[in-house]
Structure formats: C-alpha cells, structure tokens
Amino acid sequence: MVSTYPLSPSPVVLNIGGKKYTTTIDTLTQREPDSMLAAMFSGRHTISQDPDSGMIFVDRDGKHFRHILNWLRDGVVPILQESEYQELLREAEYYQLLGLVDHINAQLEKKKDEDVSETELTRIDIIKCIQTERVRFRGVNLSYLDLSKLDLSFVDFSYACIKKTIFSCANLQKAKFGDVEADGSIFQDAILRECEFVGANLRGASLDRANLQSANLQDACLIGCSFGEADLRSAHLQSANLMDANLKGANLEGANLKGAKLAGANLQGANLQRAYLREVDLRETQLDGAKLGGANLLGAIR
C-alpha cells in the first residue's frame, strides 16, 4: 500500500530493520526539518506501508533508532561507549540528521580529550620504569603516548589501554599485549618477535614492516589492520579476525591461520608458503600473486 502522509501529530508505526517504533509525524519532521526523515513524512512523498499492519519499513539497523527518536523529541543523547557513538553516527548520517551528527562528533572529541587527560604515565615515566629489571604496565592507560624507538622488550602490557599509542621502531621482543585495547596504535617497523597478543583488540592498527616472527595473535581482533610487508613467519593467527586487513607483501611463511577470518583481506603478493590455512574461507580474499606452495588448504573454501 502506498500512502502520502500529511503533517500532523497522528501516530506512525515504523519497522526499522525488524524493530518496531511508534512516534508522530511532528517528532519526525520538526527538530531536523532538512533531514531525510522530515522529507519522507513531509506530505510531499509517497511511502510504502505494509497493507496488514500499516507499518512503514526502513531497511536499517534498528538498534540505535531509539536514540534518534529521543534526539528528535528532546534534543538529547545518552552517554555511550565510543563504538556505540560511531554506530549511531552512521545512522545519523544516513538519515541526514545534521544536528545529531554535530552533537555526536562533539561528544567523540570530548571523549578523546578525556582519554588523553586520563593517561596515567608520560614518556619520561616509562623511560624511568624500563630501567628496572622487571616492568609491568598491566591494565594501565597509556593511550596516545609516543613510545617510539624505546627498548620495551619483555614488558608486560596485558589488559592495558594503548589506543593510538606510537610504538614505531620500538624493541618489543617477547612483550605481552594480551587483551589490550590498542585501536589505531602504530607499530610500524617495530620488533615484535615472539610477542603475545592473544585476545587483543588491534582494530585499525598499523604494523607495516614490523617483525612479528613467531608472535601469538590467536583470537585477536585485527580488523582493518595494516601489515604491509610485515614479517609474520611462523606467527600464530588461529581464529584471528583479519577482515579488511592489509597484508600485501607480508611474509606469512609457516604461519598458522586455521579458522582465521579473511573476508576482504588483501594478501596480494604475500608469501603463504607452508602456511596452515585449514578451514579458512578465502572467497573474498585478494590473493593475486600470493605464494601458496606447500600451504595446508584442507577444508579451505576458495
């Protein structure tokens, strides 16, 4: 059924990706009059309705639409985690809610400033600490610090928050990074041999040309990471999430990638000789020029 909605306070029922929401035309049109939602219900456009329920279907994730409605009603958004703000931002941009977009961006900038202010140690503090025999920064917030070129070998960073921390050219051999939050951190040209990254969140991190020989990255979140020309020989990547990761020209000889997620990953020119790729779905993986000689592909989907 196709209807034209007049401007009115009458209720309207929306089906947003399978979630039901009830609101009014006034709510959808008044606070953000230049938005896509306002245009839909301006009375100038025809809208498809379910002939039985009368609901209007919108093919979007309905998880955060309640926040959108509360913004349109009251002009407020609750305090959310950064990842939730990012998800809500995508929805606000889709619906062209420019006021909400500005509000979310302001909250993200405020959160970034708070993260910086909450950093518990400075680069000088770190240098003083690593002069001792055994160093642990377990659970410490070191986000946004510049720790490049330092000798941090054997240091325990487990459970630390190291978002956007710079480790370029640092010596991190046998350091422990289990379960760290390291979104966007930079490890370019770092020595990470035999490091432990089990369960770590390295989403969007840069590890180009890093030496990760025999590193343990099992179950790590490596979505969107860049490993361009990195040395990952004999690395443990079982069940790691490498979706959309850049591994162009990386050396993965003898690496264990059993059960790893590689959808959208770029492995062009990578060395996968003798790599363990059992039960890996390679259908959406770029493998142009990759070397697969001697690789174990039993059960792999190609």
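1. In this predicted model, Leu-14 has Tyr-21 in S3 as its bridge partner. A second pairing of this kind sets Ile-16 opposite Lys-19 in S3. Strands S2, covering residues 11-16, and S3 are antiparallel and are joined by six bridges.

2. The hairpin formed by S2 and S3 has two residues between the strands. Within this hairpin, Gly-17 adopts a positive phi near 60°.

3. S2 and S3 belong to an open sheet of three strands, whose order is S3-S2-S5 and whose pairing is mixed. The edge positions are held by strand S3 (19-24) and strand S5 (56-58); each has a single partner strand, so one side of each has no neighbour in the sheet. On average, and with direction ignored, neighbouring strands of the sheet are turned by 30° against each other.

4. Which helix lies across S2 and S3? Helix H3, made of residues 65-74, does so, and runs at about 10° to S3.

5. Turning to side chains, Arg-60 is placed over the face of Tyr-94, at 4.0 Å from the ring centre.

6. The structure contains eleven aromatic pairs. Such a pair of rings is described by the distance of the centres and the angle of the planes. For Phe-167 and Phe-187, the ring centres are 4.8 Å apart and the planes are at 10°. Planes under 30 degrees apart count as stacked, so the pair of Phe-167 and Phe-187 is stacked.

7. Where in the chain do Phe-167 and Phe-187 lie? Phe-167 is in the segment after helix H6 (123-129), and Phe-187 is also in the segment after H6. The pair therefore ties together parts that are 20 residues apart in sequence.

8. Are Phe-167 and Phe-187 buried or exposed? The cut-off for buried is under 20% relative accessible area. Phe-167 counts as buried because its relative accessibility is 0%. Phe-187 is buried too, with a relative accessible area of 0%.

9. Phe-167 and Phe-187 are also part of a cluster linked by ring pairs. The cluster includes Phe-137, Phe-157, Phe-177 and Phe-197 as well.

Note on methods
Residues numbered from 1 in each chain as written. Predicted model: local features only at pLDDT ≥ 70, side-chain atom pairs only at ≥ 80, totals over all residues. Heavy atoms only, no water. Pairing = 2+ DSSP bridges. Helix = DSSP H or I, 4+ residues; strand = E, 2+ residues; numbered from the N terminus. Axes fitted to C-alpha atoms, helices over the stretch in contact; angles between N-to-C directions. Contact = heavy atoms within 4.5 Å. Phe/Tyr/Trp six-rings, centres within 6.5 Å; stacked < 30°, edge-to-face > 60°. Buried < 20%, exposed > 50% of the residue type's maximum accessible area, 1.4 Å probe, protein only. Lys NZ or Arg CZ within 6 Å of the ring centre and 35° of its normal.
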